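The stops below are meant to be taken in order, each one beginning with a selection.

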Amino acid sequence: MTDYVEEQRNELEAIESIYPDSFTVLSEEPTSFTITVTSDAGENGETVEATLKFTYVSEYPDEPPLWEIYSQENLEDGDLENILTLLKQQAEENLGMVMIFTLVTAVQEKLNEIVDAMKNRQEEEKLRKEKEAEEAEKVKFQGTVVTIENFLAWKAKFELEMAEFRRKKQKEEEQAGKPRLTGKQLFERDHNLDTSDIQFLEDAGNNVEVDESLFQDIEDLDLDEEDPNFDPLDMDSDDD
């Protein structure tokens, strides 16, 4: 016949010697005590802690002891549920043997796993913030990517601005007493602007750099083509 009282007394003496600084007897009838379990320190000194309360039942260790999480530090609700599940699993596997040391050791390992998971989450968050900062810096220096939509919007705005500029310029010249340019003269002036751009490219040795990454689907642009029937000399006859 198993002497449950003797087995419980012997285990209690052993537990007290193993955990002298974290073991506390709460009552003798029934025998109830707490053991505080603390994880190893993480990279930044963070720890988690659980104080486990055990109470012997009359036929322990053939029946599992009662347990609860008496207090805790830095543990989330999910962590507490996992610890209680772990205690139940370990108790079922060790029925018939004194098991307090086994239960406490399992919780100790679980707490260390929790700290490791906290460390991994912190590293992932750090990497995420670094990536966001890099992307923001990249966007700041690369400018706005040219798409068909924003290019056509810019083109329409540019043409309006140039038309307004020419109108004001012509008005200023008329007010200054300069004769109004004929259609032929306007064409020749615009032609000179084109040749000046060509001359600029030749002077630069055709080393003008273009960031092709700023252009997307540029081949899909339906830009206005020059009218093959356009005759700039007709503008003279219209003005005359």
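The tour goes from the whole chain to the sheet, then to the loops, a helix and a pocket.

**Before selecting anything**

This is a predicted model, in which local features need pLDDT of at least 70 and side-chain atom pairs count only at pLDDT 80 or more, while totals for chains, interfaces and linings use all residues. Residues are numbered from 1 along each chain as its sequence is written, and side-chain values use heavy atoms, with hydrogens and water left out.

**Stop 1: the whole chain**

Read from the N terminus on, the elements follow the order α-β-β-β-β-α-α-α-α-α. Of the 240 residues in the chain, 24% are buried, where buried means under 20% relative accessible area, exposed means over 50% and partly exposed lies in between, with a 1.4 Å probe and protein chains only. Among contacts between residues at least 6 apart in sequence, 58% join residues at least 24 apart; contact here means heavy atoms within 4.5 Å.

**Stop 2: the sheet**

Select the strands next: 4 of them form an open, antiparallel sheet in the order β1-β2-β3-β4, two strands being counted as paired if DSSP finds at least two bridges between them. The edges are held by β1 and β4 (66-73), and because each has a single partner strand, one side of each is left without a neighbour in the sheet. From one strand to the next the twist averages 20 degrees, with axes taken as lines fitted to C-alpha atoms, for helices over the stretch in contact, and angles running from 0 to 180 degrees between N-to-C directions.

Now take the pairs in turn. β1 and β2 are antiparallel over 5 bridges, and V25 can be found opposite F33 in β2. Strand β2 (residues 31-38) also pairs with strand β3 (residues 49-55), in the antiparallel sense and over 7 bridges; here V37 stands opposite A50 in β3.

**Stop 3**

Most residues other than glycine have a negative phi, and most peptide bonds are trans.

**Stop 4: the end of β4**

Select E73 in strand β4, which at 45% relative accessibility counts as partly exposed. Leaving out residues up to four places away in sequence, E73 touches V48 and E49. A distance drawn between the C-alpha atoms of E73 and T51, which are 22 residues apart along the chain, comes to 9.0 Å.

Then select N74, in the loop between β4 and α2. N74 has a phi near 65 degrees, a positive value in a residue other than glycine, and with 52% relative accessibility N74 counts as exposed.

**Stop 5: helix α2**

Helix α2 (residues 77-93) lies across β3 and β4 and runs at about 150 degrees to β4.

**Stop 6**

For the last stop, show the second largest pocket, which holds about 300 Å³ of space. On a 1 Å grid over the protein atoms alone, a pocket is an open set of points with protein on both sides within 12 Å along at least five of seven lines, the probe being 1.4 Å, and lining residues have an atom within 4 Å of a point. Of the 14 lining residues, Q8, E28, E29, P30 and T31 are the closest to the centre of the pocket. The elements that give two or more residues to this lining are α1 (4-18) and β1 (23-28), and α1 gives the most, with 5 residues.

Notes:
Points joined across faces, edges and corners; volume = space filled by probe spheres on them.
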